[in-house]
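Take a look at the sequence and the structure, then read on.

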Amino acid sequence: MASETAAEPVTVAASLPVVAVVVAGDIADPAIEDAARLFMRHLVDTMARFDDLLVVKTPGTALRPEDGADYVLTLNTARAGDKIEGFVRLSAAKDGRIVWTTSGERSLAALGDGSELREMAQRLAIRLVQPYGILHADLRLATLPPATSCIYQALNVRRHMRAEDHLAARNCLDALIARDPEFHPAWSHLALLTADEYASGLNVRSGSPLDRLLAAAVNAVRLAPVSARAHQAMMEAQFLRGMTEEALKSGREALARNPYDPDIMADLGARYVQLDRAAEGLPLLERAVALSIGRPSWYDIYLFLAAHLTGADKLAETQAALIKSDETPLGLIGRAVASAAADDRVDLAEVLRLLGQVEPLFALDARLYLTRKGFSPAASDRILAAIGQIGLQPR
């Protein structure tokens, strides 16, 4: 009799959510078919830039694109006189659950040169697949495969900056990399979490976090040299090591590879603010805020600082109202600057008291604290001088 042996465990390669993009039905009108196909090409091109968050699948094989997909994005079109109507639906592939729908119409004449179709497709794709977008919101409620769960846990850390979330996401990524060291999104997001470990003191490990950050970023770029997120991770690693020009070059490379990602725009814009080059960061932050509805609060905080430092008073006032209740350390710094600008001594004193509680280093040595967060001496001086306008001397 053959002896019974234990089966070898099957290791499943790490993967990301798959979104199939489908143009529904046969389109008889050549003008509508051309418009629909062009729209889909721009949609797919934009979505595919977010290569650390999803995989895009299109017709082109013998199999139906829905096969093996987690979501199906369906485009339906119809003609109404001289107009074309479009209906887009995102649904779950397994059970057909409708996740999100939208519709619109345009005149065929307006779509003649293709530029409006391109802009419409890009806006739609950004809403769907950006960090903190529609797909992300649905995935937060789902039971996810390990790889997908790790990546989206790591994204949520950057939204809320809670120590317990950071630890859980980092442990998840560590285990994922141990199983599949070639899975490049894990290295990119591990690098970003390590940047938070250094700059915000979250779950500090032994050894140099800056060395571990650089190693993770190098692995990400090595495995995926065309990935925008990998170059964003490299920007963080270089910036925190004081390699500012190299960091800005990596940030611009990330943005060139995915000019549609609000998180990269905001991250690069924030680096310019920290280098006291707020005029260069302001348009990036404005666009990031405009594109990202479910954005983390740090987008708005850096936009406030950029507006304040460039003298865009009306925008600064609008942004100050948005961060009025923010109690993150960065939010409290922004609120302190806003209170000082508004000559509100009572609120300034309260904000500084809260900041001293959550970040004792700021109360001991505010300049050192800002340096640790990545602010240049020039930017730190301006922030501390703004606060010092009402009796608090820069430290």
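Q: Why is S376 called buried?
A: S376 has a relative accessible area of 14%, and buried means under 20%, with exposed over 50% and partly exposed in between (1.4 Å probe, protein chains only), so S376 counts as buried. Before we go on, a word on the ground rules: this is a predicted model, where local features need pLDDT of at least 70 and side-chain atom pairs count only at pLDDT 80 or more, while totals for chains, interfaces and linings use all residues. Residues are numbered from 1 along each chain as its sequence is written, and side-chain values use heavy atoms, with hydrogens and water left out.

Q: Where is S376, and what is in contact with it, leaving aside neighbours within four places in sequence?
A: S376 sits in the loop between α17 (366–372) and α18 (377–388); helices here are DSSP runs (H or I, at least four residues), strands are runs of E of at least two, and both are numbered from the N terminus. With contact taken as heavy atoms within 4.5 Å, the partners of S376 are Q274, L275 and D276.

Q: What makes α8 roughly parallel to α10?
A: The axes of helix α8 (residues 228–240) and helix α10 (residues 262–274) cross at roughly 20° and come within 11 Å. Axes are lines fitted to C-alpha atoms, for helices over the stretch in contact, and angles run from 0 to 180 degrees between N-to-C directions. Angles under 35 degrees count as roughly parallel, over 145 as roughly antiparallel, 65 to 115 as roughly perpendicular and the rest as oblique, so α8 is roughly parallel to α10.

Q: Which residues make the contact of α8 with α10, and how do they divide by class?
A: From α8 come A228, R229, Q232, M235, E236 and F239, and from α10 come D263, I264, D267, L268, R271 and Q274. Sorted by class, there are 5 nonpolar, 2 polar and 5 charged residues. Ala, Val, Leu, Ile, Met, Phe, Trp, Tyr, Cys and Pro count as nonpolar, Asp, Glu, Lys and Arg as charged, and the others, Gly among them, as polar.

Q: How do you know that C150 and C172 form a disulfide?
A: Their sulfur atoms are 1.9 Å apart, and a disulfide is a pair of cysteine sulfur atoms within 2.5 Å, so C150 and C172 qualify. By this rule the count is 1 disulfide. The link is left-handed, with -80° about the S-S bond.

Q: Which parts does the pair tie together?
A: C150 lies in helix α4 (residues 146–160) and C172 in helix α5 (residues 163–179), so the joined parts are 22 residues apart in sequence. The axes of α4 and α5 come within 9 Å and cross at roughly 145°.

Q: Are C150 and C172 buried or exposed?
A: C150 has 1% relative accessibility, so C150 is buried. C172 has 19%, so C172 is buried too.

Q: Why is A175 called partly exposed?
A: A175, in helix α5, has 33% relative accessibility, so A175 falls into the partly exposed class. The C-alpha atoms of A175 and C150 are separated by 9.4 Å.
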